[in-house]
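Biologist: Could we go through this structure together? I would like to begin with the sheet and its helices and then turn to some individual residues.

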Amino acid sequence: MSDAQRTRDGVLAALVRVIDPEIRRPITELDMVAGVEVDAAGHTTVGLRLTIAGCPAARQIERDVREAAESVAGPGRVSVDVTVMTREQRRAMTEKLRGGQGARTSQFGPDSLTRVYAITSGKGGVGKSTITANLAVALAARGLRVGVVDADVYGFSIPGLLGLVGPPAPGSEKGTAVKPTQVGDMILPPIAFDVKVISIGMFVDDSSVAVAWRGPMLHRTINQFLTEVYFGDLDILLLDLPPGTGDVAISVGQLLPQADVIVVTTPQPAAADIAERSGVVARQTGQTIYGVIENMAGIVQPDGTVLDIFGSGGGAEVARRLGAGQETPVPLLAQVPLSVPLRSGGDTGLPVVLGDPLDPAAIAIQAVADRLATRARGLSGRSLGISPR
């Protein structure tokens with residue numbers, strides 16, 4: 001074997017380590033390497049095909065390709081020839097990623113091994129989105145492949161909670177959510193803290209504009225998120241549902257009947273009636289109530305006493321009521337105390353489970369993540385014709 005051939009083979013082997021930061025697959029698997037040529041003087045040229053013109057990760061990919069190739073050919077002995085995939089090449093790549101399935105096929109149907117959790121609440125303002133964002137990040141920190149669908153179309157907040165917000169546009173005080181990359185008819189979700197995220201907030205140019213859609217438009221949007229957004233092989237998918245029992249909750253029940261539901265409520269007993277309704281709707285669509293999370297629970301004072309600002313017992317009461325309709329009891333998964341770091345982490349886009357992991361709220365959320373992380377992947381019991389859990 002000639003020196004040039006050895007160099008070429010070595011560079012190709014090194015390029016396997018280069019991962020597309022958006023798709024999270026080796027560029028060699030994505031047919032992004034057009035070729036490797038080594039001339040008589042030992043200079044190596046790598047042909048790199050980007051998925052689209054203006055690819056936001058272009059610089060990072062080119063840098064990683066150069067570093068990988070130079071680890072074999074030597075510093076300064078590599079050139080990277082950057083081109084863009086043709087329409088046919090993009091189509092072939094998206095078909096490969098989908099495993100031959102059509103663009104309108106849900107990735108999370110009854111045959112999926114992904115655990116799906118719909119995070120819901122009876123009313124707004126209970127911190128459901130904050131719980132979802134922190135839970136997703138905590139699960140990803142445990143090595144799981146996690147995705148989040150921000151299904152709260154009217155009140156989208158997941159991008160901000162996860163720091164997926166760019167600088168303000170000229171004349172605006174607020175930054176807009178990071179835009180996803182579109183490759184053909186495939187949407188690549190932005191990634192924050194190793195969590196893949198999609199939200200309607202990523203498709204509006206002004207975060208202050210109200211989304212005023214009727215039921216059919218809402219259903220189509222949720223269906224598009226589940227079919228056209230490429231999440232890859234996830235261990236867990238979390239859906240942040242809007243409060244109440246409206247169109248989105250019904251659509252999610254129809255599209256993902258195998259999903260487990262986690263109900264978020266607050267401690268006051270008066271909230272139990274409202275929170276219970278969201279669980280009842282989920283059960284009516286065939287979903288299973290997995291558990292209840294009580295948010296805004298009591299604060300432990302310096303003297304050890306607990307200050308119950310919003311009362312107590314609401315979470316346990318919701319769990320008791322929802323458990324009455326299932327074969328097994330519905331557990332109270334956690335009582336997350338009121339926490340300044342939890343709130344401030346949401347404002348800055350740094351979830352408390354990472355920014356202040358010893359905060360009592362972070363510890364409570366991490367305990368739920370530990371519980372979910374130990375559940376094995378597998379087909380839903382409903383898809384196999386057996387009773388759930």
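This is a predicted model: local features need pLDDT of at least 70, side-chain atom pairs count only at pLDDT 80 or more; totals for chains, interfaces and linings use all residues.

Biologist: Understood. What is the strand order in the open sheet of 3 strands?

Modeller: The order is β1-β2-β3, and the pairing is mixed. The twist averages 15 degrees from one strand to the next.

Biologist: Which strands stand at the edges?

Modeller: Those are β1 (33–38) and β3 (78–84). Each has a single partner strand, so one side of each lacks a neighbour in the sheet.

Biologist: And how many bridges link β2 and β3?

Modeller: Strand β2 (residues 44–50) pairs with β3 over 7 bridges, in the parallel sense. Within this part of the sheet, T45 has S79 in β3 as its bridge partner.

Biologist: Which strands does α1 touch?

Modeller: Helix α1 packs on the sheet against β1 and β2, and its direction makes about 150 degrees with that of β1. Helix α2 also packs on the sheet, where it touches β2 and β3; its direction makes about 145 degrees with that of β3.

Biologist: At what angle do α1 and α2 pack?

Modeller: Helix α1 (residues 3–15) and helix α2 (residues 58–73) pack at about 140 degrees, and their axes are 8 Å apart. Their crossing is right-handed.

Biologist: Which residues of α1 and α2 meet there?

Modeller: From α1 they are T7, G10, V11, A14 and L15; from α2 they are V65, A68, A69, S71, V72 and A73. By class, this contact has 8 nonpolar and 3 polar residues, with no charged ones.

Biologist: Changing topic: where is T266?

Modeller: T266 lies in the loop between β13 (260–265) and α8 (270–284).

Biologist: Is T266 buried or exposed?

Modeller: T266 is buried, because its relative accessible area is 3%, under the 20% cut-off.

Biologist: What does T266 touch?

Modeller: Leaving aside residues up to four places away in sequence, T266 touches K123, V126, A271, E294, N295, M296, G314 and G315.

Biologist: One last point. What is phi of F193, and what is phi of D194?

Modeller: Phi is near 55 degrees for F193, a positive value in a residue other than glycine. For D194 phi is near 70 degrees, again positive in a non-glycine residue. F193 is in the loop between β10 (191–192) and β11 (195–199), and D194 is in the loop between β10 and β11. F193 is partly exposed, at 32% relative accessible area, and D194 is partly exposed, at 48%.

How values were computed
Residues are numbered from 1 along each chain as its sequence is written. Side-chain values use heavy atoms; hydrogens and water are left out. Axes are lines fitted to C-alpha atoms, for helices over the stretch in contact, and angles run from 0 to 180 degrees between N-to-C directions. Helices (H or I, at least four residues) and strands (E, at least two) are DSSP runs, numbered from the N terminus. A crossing is left-handed if the near helix is turned anticlockwise from the far one by less than a right angle, and right-handed if clockwise. Contact means heavy atoms within 4.5 Å. Ala, Val, Leu, Ile, Met, Phe, Trp, Tyr, Cys and Pro count as nonpolar, Asp, Glu, Lys and Arg as charged, and the others, Gly among them, as polar. Buried means under 20% relative accessible area, exposed over 50%, partly exposed in between (1.4 Å probe, protein chains only). Two strands pair if DSSP finds at least two bridges between them.
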